[in-house]
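Here is a model to go through by question and answer. Each reply sets a value against its definition and concludes.

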Amino acid sequence: MSTSFARRDQLLDIQRRAQSLWESLKVFELDAPVGDAAAVPKFICSFPYPYMNGFLHVGHAFTFSKTEFATGYERLKGKNALFPFGFHCTGMPIQACANKLKAELEQYGNPPNFPVEEESSEHTAMKSKVAAKTGKAKRQWDILVQSGISESEIHKFASALEWLRFFPTEGLKDVTAFGAKVDWRRSFITTSVNPFYDSFIRWQFNLLKSIEKVKFGHRYTVWSPLDGQACADHDRASGEGVGPQEYTLIKMKVKEPFPEVLSPLAGKEVFLAAATLRPETMYGQTNCWILPDGDYGAYELKNGDVFVMTDRAARNMAFQEFFPEFGKYSALLTVKGKDLIGLPLKAPNAIHDPIYVLPLTTVSTTKGTGVVTSVPSDAPDDYRGLQDLKEKEKLRNDFDLKEEWVVPFDPVPIIEIADLGNLAAVKACEIYKVKSQKDKEGLAKAKEEVYKKGFYGGTMIIGEFSGQSVEYAKNRIKTQMVESGDAVVYNETEKVVISRTGDECVVALTDQWYLDYGEAEWRALAEECLESMETYAPETRHGFEGTLKWLHEWACTRTFGLGTKLPWDPQWVIESLSDSTIYMAYYTVAHLLQGADNLEGSRPGPLNIQPAELTDPVWSYILLGKELTEQQLSASGIAKDSMEKLRNEFTYWYPLDLRVSGKDLVPNHLTFWIYNHVAIFPREMWPKAVRANGHILINAEKMSKQTGNFITLRDAIEQYSADAVRLTLADAGDTVEDANFSTKTVSDTAILKLTTLLALANEGLAVLESMRTGPLELFADRAFASQLNDAVERADAAYGQMMYRDALKVCFFELQYALGSYRVAVGADKTQASLSKMHKDLFTRFLEAQAIMLSPICPHTCEHIYGMMHPGETIMNANWPASEPVDEGLLEGAKYLDDVMHRLRVSKQNQKGSKRETDKPNAVRMYICEDLPEWQKISMSVLRENFDAESRTFPNDLAKRVTAAMPAELKKKMKKIMPFVGMVRDAAKEQGEPALDRTLRYDEKEVLTENMELIREQLGLVQLNIRSSTDTGAEDATLAGDALPGRPTFAFHVTESS
């Protein structure tokens, strides 16, 4: 067996034994204390329960590891720290997967005999849209086989219930193998399959309806025609966070007589329907753009109007009550864009009549209607498109354009904008030197400036609202046009949205139940809650603030999928982002209602309460403290002491102290979490903190099943061990930026370092009784003791700020380095026997402190070490290490010694001379600066006088001020002075005022003298002569003068003396 496997297997063996110990002690199972014990502080945190349509992967682990590390740390700080973990099964994906497998088995048999031929190009094209989200499009059977499920078992997954039975159970096993400190008695799955959780969600929605937070109405929503229902974020393969985008469709009437291609429409009202976001600019229309090679159709609406547009737009409109039947539409005829060129149009509000249809090759048929109205005064793209046609006769001839369709039309002034005048697009194109519609970069800059300045600073100079701001006029003009019949309101998705069933979604106007997010009073409470919460990163807070500004009505029900039925209208199922907002409250009582090994809630828990007994009044008592009448209590059938026990669990554990999640959930789930808490619970029960993290990359590449760059949590643990994975996740990073899980780090660094620590513990404890005892007399002893104290304090601070990479760096890597330096200093770095040269108290304190401080991140390894030191005890009941005040002088002295020895080594390696051993430098003259030279004193004085401590800046003319302060006899030293000033200046910008204090907190000569033998031994010197920089011979005068406080100078030489 290779060494790497042996080391890994050692960690796996320790992992199994530690987890067996924790399970036997039930160490993570915590109940709310009563009586005096209730004064013990608590900590409860949660992670968004994962959606269980597959195995957990390292991306899940990266996020919940933050929760796990926090739980371990808070336990060490003396709190009852609770980490519950449930499994989400609500919504479309599981049901869709089960249905897909069922269809495959019905069509191809069991096991299926799939055809070998390639899928049709149309099917492949449709699926390619979801490839980025789901990986290579596969049959459901193949996906389950790839997941490692036995082919003989796969047929069971044609039932959605099998997914709910299998994957949550496997997820529980994987999280347990990870070493998570989870109270599994509180775990559960969602949906109506679990009658206990089902009753909880029914109570929540009944309450929200009673306080008018749930409403019913006609609303635009993202919709999957294939699924026949709304498609929320978690129902999507791509397009999460995308919502409806409202356009105004301008009805540009085609003037008769119609050309031959439109002759079948004679006698009908025919319009080219142009989608715009700027209805206030319609006064300036000069033409209409179409894509010459684009495909268009003529579609008759239920009011008799005929709209010419793309099929894609017609498909969207079919779900917005434009056609007689919901979702049904058909074209009266189809045409190419080039067949429409030259059509005369009557454009609403336009000064020109008629205007003409012209070609533009940049028109998109995947956005809007494929018909674009042209306003060259205020749209740079339109201006350059029109100018190109006007200026280039050949271009007109290419499309057989008549001059009268193009040349007479000039931009119409409609809006006055500061700095851009009343022809903003014309001016912006001049500014950015845009000479052609092909100049995409210049047009983008011009468009950004015109649109931004036009909306916020523009003034209408035409029409009824002349003299009014664009911001004021915009919606009023739109309303007028809609009411007059010159325009209609149309919605489509902001970007492409693909459902998990592979359907391209539309925007539908449907009756639906919705949560009234964004309502003024409710939003104000959400903003108040956010203001009081710790978010750990300004980016997270800004994300919430931005979401609260735009988030509004949210469709909260579906007609298909798994979940809880809406209590008062059971034809609807509550969707997955709406039944997952306050379940953290359910964690507080789940262990009493369901109990261990009962994820589905198939039997009553320890209190023997039946789901039917959990009435709304019962839940209101447990979670809100609303007293029950005797009649309600009697009707519930629940004993009063059981009710009080449930209430005590909730009031002890709530509010939630911390929620950890990926940053992608800020625009939906996490904001919903805030909204629902402030609607339901009193202020003292509002959540206290939220921490968002970025996504995890694997070896600096996006995690992807398609490319094979994908690791399940189970595989990672089996391949590397839980502690090696946990260490690598902690080392990956703590910001909202994406982090990197490096397989090289986990295999080469994590496993090696952890097993090296185990070897040190074994070897050190084996010779413990032979180690030195008594007072800490050696400099190395005292310095290492202070480094230990410092590590305890800094690791404590890092854990408290949830900066786990920093905590790992301090309590593991830096402390290991400090131990290594200590061992070298005392001669304990050579053999196991030499370990006895360490001080016994220091070694045991180091080993215990490192095990405890590292235990939130690597609990199995630390449990093993702690058990060696404290047989019969568990590190899970340990407390954070005590520390004594840090001796900063000793810390700085130790760093000074380390730096001096490093500089000596580098200098010795660079020495040139005879190859004969007797001629190689073997002695050092070292010069220390015991008092600042005059030029340094003056420089430091000027630096202090001119430093702005608040901004950590100096004036730009600092060099001149230093020069002016120097007396004439010192000005000749300016080549030496200015680098010194620059060094201190840069240090002050980074460290603040302490960098301007050059007083050392240690005695250089004392540190060097006390460690002289160490320096001589490590450098192979026969002599080390320490001198004052003012006490020098002629040969070293310049060298001695270069010495600074804390930075001695030295010279190697050859000597025969010892």
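Q: What makes H11 and H14 roughly perpendicular to each other?
A: This is a predicted model. In it, H11 and helix H14 (residues 424–431) pack with their axes 8 Å apart, at an angle of about 80°. Angles of 65 to 115 degrees count as roughly perpendicular. H11 and H14 are therefore roughly perpendicular.

Q: Which residues make that contact, and how do they divide by class?
A: H11 contributes Pro380, Tyr383 and Arg384. H14 contributes Ala425, Val426 and Cys429. By class, the contact of H11 with H14 has five nonpolar residues, no polar ones and one charged. Arg counts as charged, and Arg384 of H11 is part of this contact.

Q: Why is H27 called roughly antiparallel to H28?
A: The axes of helix H27 (residues 779–800) and helix H28 (residues 804–826) cross at roughly 175° and come within 9 Å. Angles over 145 degrees count as roughly antiparallel. That makes H27 roughly antiparallel to H28.

Q: What makes up the contact of H27 with H28?
A: On the H27 side, the residues are Ala780, Asp781, Phe784, Gln787, Leu788, Ala791, Arg794, Ala795, Ala798 and Tyr799. On the H28 side, they include Tyr804, Asp806, Ala807, Val810, Cys811 and Glu814. By class, there are 17 nonpolar, one polar and four charged residues.

Q: How far is Asp806 from Arg312, and how many residues separate them along the chain?
A: Their C-alpha atoms are separated by 52 Å. Along the chain they are 494 residues apart.

Q: What is Arg312 in contact with, leaving aside its neighbours within four places in sequence?
A: Contact means heavy atoms within 4.5 Å. By that test, Arg312 is in contact with Thr365, Thr366, Lys367, Gly368, Tyr490, Glu492 and Glu504. Arg312 itself is found in helix H10 (residues 311–317).

Q: What makes a space a cavity, and how many of 30 Å³ or more does the search find?
A: In a cavity, a 1.4 Å probe fits but cannot get out. A search of the whole structure finds three cavities of 30 Å³ or more. The largest cavity has a volume of about 70 Å³.

Q: Which residues line the largest cavity?
A: The lining is Thr221, Trp223, Gln229, Ala230, Thr510, Asp511, Gln512, Ala555, Thr557, Arg558, Thr559 and Trp572. Strands E3 (214–224), E4 (229–230), E19 (506–515) and E21 (557–558) each supply at least two residues. E19 gives the largest share, three residues. The lining divides into four nonpolar, six polar and two charged residues.

Q: Which elements supply the lining of the second largest pocket?
A: Strands E6 (244–254), E7 (270–276) and E14 (371–374) each supply at least two residues. H15 gives the most, with six residues. By class, the lining has 16 nonpolar, 13 polar and 13 charged residues.

Q: Where are the prolines of the peptide bonds Glu256 to Pro257 and Tyr654 to Pro655, and what is omega for each bond?
A: The bond from Glu256 to Pro257 has omega near 0° and is cis. Pro257 sits in the loop between E6 and E7. The bond from Tyr654 to Pro655 is also cis, with omega near 10°. Pro655 lies in the loop between helix H22 (640–653) and strand E23 (658–662).

Q: What is phi of Asp400, and where does the residue lie?
A: Phi of Asp400 is near 55°, a positive value in a residue other than glycine. Asp400 lies in the loop between helix H12 (393–398) and helix H13 (403–406).

Q: What does the UniProt record annotate at residues 930–1000?
A: The unreviewed entry gives "domain: Leucine--tRNA ligase RagD-binding" for this span. In the model, residues 930–1000 are 54% helix and 0% strand, with end C-alpha atoms 10 Å apart.

Notes:
Residues are numbered from 1 along each chain as its sequence is written. This is a predicted model: local features need pLDDT of at least 70, side-chain atom pairs count only at pLDDT 80 or more; totals for chains, interfaces and linings use all residues. Side-chain values use heavy atoms; hydrogens and water are left out. Axes are lines fitted to C-alpha atoms, for helices over the stretch in contact, and angles run from 0 to 180 degrees between N-to-C directions. Helices (H or I, at least four residues) and strands (E, at least two) are DSSP runs, numbered from the N terminus. Angles under 35 degrees count as roughly parallel, over 145 as roughly antiparallel, 65 to 115 as roughly perpendicular and the rest as oblique. UniProt positions are given in the numbering used here, feature names are shortened, and annotations may be inferred rather than shown by experiment. On a 1 Å grid over the protein atoms alone, a cavity is a set of points where a 1.4 Å probe fits but cannot get out, and a pocket is an open set with protein on both sides within 12 Å along at least five of seven lines; lining residues have an atom within 4 Å of a point. Grid points are joined across faces, edges and corners, and a volume is the space filled by probe spheres set on the points.
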